[in-house]
Amino acid sequence: MGPPPAAAPATGQRLTDRQYANVLVDLFGVDVHDEVAKLPLDPKVEGFRNAASALLPSDLRIEGYASLAQQVAGKVDWTKVSAGEGLCTDFGDACEKGFVAKLGRRLFRRPLSDAQIARFSRVFAVVKGEGEPFATAAGLVASALLQSPEFLYRLEKPGKVDDFDLASRLAFLFWNSVPDDALLDAAEKGQLSGDALTAQSKRLLGDARAKRALRDYVDDWLDAERLLRTSRDPELFPQFTGALASEMREEIHQLFDRVVWKDQQSLLEVLRSDKTTVSPGLAALYGLPANGGEQSLAGMTARQGLLTQAGILTLTSVGGAGSSIVDRGVFLVRNFLCEEIPEPPSNVPELPPAMKGQSERDRLAQHRADPACGACHNRIDPLGLAFETYDAIGRFQAMDETGNKLTGAGTLKVGNDEIPYSNAREFIAALSKSPAIAECMVKKFAQYTFARPLASTDEAIVKDLGHKFADAGHRYQDLLTSIAQSAWARTAGVNP
Amino acid sequence: VSSVKGIPMDVRGRFRRDEDSVHTGRRRVLRGAGAAIALPFLPPLGRRAIAAEATAKRFVTFFFGNGMPPSYSAPGFESPVLKPLAAFAPKISLIRGINNKSAPSGAGHPHARGSSAFAIGYANPSIETAGQKSLDVAAYEAWKPPTALSSLAASLWWWSEDIVRNTHSWQGPGRPNPGITRPLALFQRLFGEAGPAAPAGSPEEAKLLRQRRMSRSVLDAVVDGYKSITSEASGYSPAVRATLSNHFEAVRSLERRAIAIEMGSAGAPASCQAPKPPPDLAPQQTCSRGCDTKGSRGGHDAGGGANKSSNWDEVWPLLSDLFVMALRCDIARTGNLTCTAAGDRYNFAGQGTNVHDLAHAWRPGGENGFDQSVTWLMGRLAYFLKGMDDPAFTLPEGGTLLDNTPVLIGTEVGDPAPHSFSNLTFMLAGGKLFKPGAYDFGNKMSEVDLYSTVSRALGIADKFGDQRHFTDYLAGVV
């Protein structure tokens, strides 16, 4: 199998768990996020949980779908739904087919064929024969639709991307969910190109579902959701409760919300923002006024933007203790610079923990002196040294646990410049000069959009999107809009 | 057995009361740490639980993560690490010096490569899938037992999200049979969510039957959908149809189960009553207040582990007991039980470094605390074997469940520091077919030789695994 065609999204992927839950909220107002969380975890592939190749079915998952579909069928007042759609609500060809066609089009993201309608209409006949009411039958039909391949998989036929395919692609891009009626109508009328496409993009961006989709993306890209599954030794970090972890994740999302939606700023602003919205618990952790809420960080050397947020610092403290210089450096290398750093060779002894007179920084300096280690650590460590002054839950620490003084100072190479920094704020100023960050943001989002790792064949489109991203002031909204208008929109999908 | 030592009494107490309210009969008692503690789960089944034929074949695989250095198993069950298993030594073949030959050519990190070859004997083609079906599934398919479930998988793991690292039951490439991690979910899979069966001829029964017929019509529509889309005429690409075929197979298995329920042949035999459901625990690491059920699916960072504040010591007995119960009740005859994933990271109390990193830092002759985690794992294995070997529960053909159920036990690497695929340690417990004792094959025999030996002895197939790595059957073991 050769490299995938440029810009081709993976096709045939199963809905991610997040997408599945989003659809049920959007179409039925039923929230199954907690239930979906009990399915086997969608695995991360090169940083994202949506890689088509990894979204495998299993008996456990299929039984989970059956059970979820049954729950949804039981939670919705189907008579009300039918009536609300202007449909009749009794057994009989018109009502039955009307219901299947209407609901089926939303779930399958295109009109159903006669054969498909017949497939689901049979459920009505059986239920009627059992003497149960129309609403029960409608719920069971919904349950069948929800377990069908046309719903659970993003199917596209090989060759041309038709307007319904495109409507789905757009809906998953902007909303991480299925198209609404308006988008499907536009597809049906062939109004998804030129100005009409621009207008649709604008409309989709203006919807609350776009805000949710950005949260989904941040949860995946930065692994922010993992905070909900993160814990700390309660003896060392008694204040790290599930509630605080959840507030940390919320702070990350609030930052993106403000930069992207409220202030409509450059996405790079998340790194430099001097405003944050915190809970009282986080305010205490940062030394901010006790009530929390939106706070200014101007003048604080220890706090600025995303990278000094307790959530990110917690997520990047893999050992749960110490300064985590390497893990924090690797996090930046992989997620903000898109450089490849291999896993350490298996025969490398672990870095011994800091001891009195020798901090993690000192240990790493020794480590780098070995050329075999220096090859990677000369790149990683300068990106992590700025964060040695934060502990495993993101509190500022002037000393490590053995009493060594910590400085957070270092030198960052950006292009040909060696930029010295003496704290996180100066580090962020230096890092922000790197053009690689904006490029990496585009790459990451493209990988997520294509639902597969990028290949060399994608270089041109990523580069083009990068130019447009820069021209538009690095705004998330414009990145999405330019993806919608790129070759991606009409390039036939590639098999997972 | 120290496994129950750390269980918080409030949670335990509540659960025990639940159990008491259902089962007033005799309860198994486990002696440990100077106190008699009831096994949380095993109900008073008696001998009648298994209505199956006397020649029923069973087979279970057991995986544990992060490897076993050859020196740990060299002294046999005298080894401090294997000591928890000493009581079962007369029923275990300790098989050392196995060369995992298919792992090196697999995909991904060595933990993934070693792990995905376990009980399979093929290299994994990608990080997302094993290369072939696993031995437990092959056994199920060869024997076609009349059980409600096919191969049953349960798994306790934390950090290693790659599916090939935490899943050791595979129905084929692209068809994982992931282990259930929550005791309540495992309970529901064994006993269903439904209440007690309705009396024959009652209105409740009529209603139940009505519901089943309607559910069948839903499943029929779903099955038709997969049939249509996986057919060549659908116009979808072969790759997409292949993916959907895998999904279809899983739907089929759901359908088979539904039919079995309708025919009244599925589920536990009447003599094997479902106990009260266990508490809805999700495996947790070091966890302070407020993070109760959210860590439901692993993927945790290395915040803690099998230490005083994790709930693994509470979750494991439930998973293990339920797994034993599935075999006792003849709900499944084959399966995999996994206790920590390949490369899993969790800290023991008092250890500042997670077990994976300790494994890498470990050097022969210079113990650094890695032995604690392997000893703990052997303790979990011992707990499972003890449940299997309960003398109060014997089979019609004679002997305990363990005596009639071979258990293949293994891990992904030998010496973990260099991720060595050489000199792996395996064990074959129970099952009468294998000769207890210690064997060292000096790295001259492959894992495919071992799997083929097991497969042939169990009547699954004469050979198992990538035959390029087959040299001969293991001498003396059978």
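# Close-up views of a predicted two-chain model

View 1. B:Asp390 sits in the loop between helix H11 (370–388) and strand S9 (407–410) of chain B; helices (H or I, at least four residues) and strands (E, at least two) are DSSP runs, numbered from the N terminus. This is a predicted model, in which local features need pLDDT of at least 70, side-chain atom pairs count only at pLDDT 80 or more, and totals for chains, interfaces and linings use all residues. Residues are numbered from 1 along each chain as its sequence is written, chains are lettered from A and ligands numbered from 1 in the order in which they are written, and side-chain values use heavy atoms, with hydrogens and water left out. Is B:Asp390 buried or exposed? With a relative accessible area of 10%, B:Asp390 is buried (buried means under 20% relative accessible area, exposed over 50%, partly exposed in between, with a 1.4 Å probe and protein chains only). A polar atom of its side chain lies 2.8 Å from the backbone nitrogen of B:Ala392. Look also for B:Leu402, 12 residues away along the chain from B:Asp390, with 8.2 Å between the two C-alpha atoms.

**View 2. Strand S4 of chain B and its two partners.** All 8 of the 8 residues of S4(B), residues 92–99, are buried, so the strand is largely enclosed by the rest of the structure. S4(B) pairs in the antiparallel sense with strand S10 (residues 424–429) of chain B over 5 bridges (two strands pair if DSSP finds at least two bridges between them). Here B:Ile95 stands opposite B:Phe426. With strand S11 (residues 437–446) of chain B, S4(B) pairs in the parallel sense over 6 bridges, and B:Ser93 has B:Gly437 as its bridge partner there.

**View 3. Two salt bridges within chain B.** A salt bridge is a side-chain nitrogen of Lys or Arg within 4 Å of a carboxyl oxygen of Asp or Glu. B:Arg96 and B:Asp440 meet in one, with 3.1 Å from N to O. B:Arg96 lies in strand S4 and B:Asp440 in strand S11 of chain B, so the pair ties together parts that are 344 residues apart in sequence. B:Arg96 counts as buried, at 11% relative accessibility. In the other salt bridge, the closest N and O atoms of B:Arg182 and B:Asp280 are 2.9 Å apart. That pair also links distant parts of the chain, 98 residues apart. B:Arg182 is buried at 5% relative accessibility, whereas B:Asp280 is partly exposed at 30%.

**View 4. The meeting place of chains A and B.** How many residues of each chain are in contact? The answer is 71 residues of chain A and 73 residues of chain B, where contact means heavy atoms within 4.5 Å. The two chains bury about 5,900 Å² between them, 57% of it on carbon and sulfur atoms (buried area is the accessible area, with a 1.4 Å probe, that two parts lose on being put together, summed over both). Between the chains there are 6 salt bridges. The side chains of A:Asp59 and B:Arg175 meet in a salt bridge, at 3.0 Å from N to O.

**View 5. Helix H20 of chain A under cover.** This helix, residues 424–431, has 6 of its 8 residues buried. Among the buried residues of H20(A) are A:Phe427, A:Ile428 and A:Leu431. Their cover includes helix H17 (325–335), helix H19 (371–384) and helix H21 (435–450) of chain A.

**View 6. Two buried loop residues of chain A.** A:Gln358 lies in the loop between H17 and helix H18 (360–369) of chain A, and counts as buried at 17% relative accessibility. Its side chain makes a polar contact with the side chain of A:Arg363 at 2.9 Å (a polar contact is a pair of N or O atoms within 3.5 Å; within protein, one must be able to donate a hydrogen and the other to accept it, and residues adjacent in sequence count only if both atoms are side-chain atoms). A:Val76 is found in the loop between H3 and helix H4 (78–84) of chain A. A:Val76 is buried too, with a relative accessible area of 13%. Leaving aside residues up to four places away in sequence, A:Val76 touches A:Phe28, A:Val30 and A:Val81.
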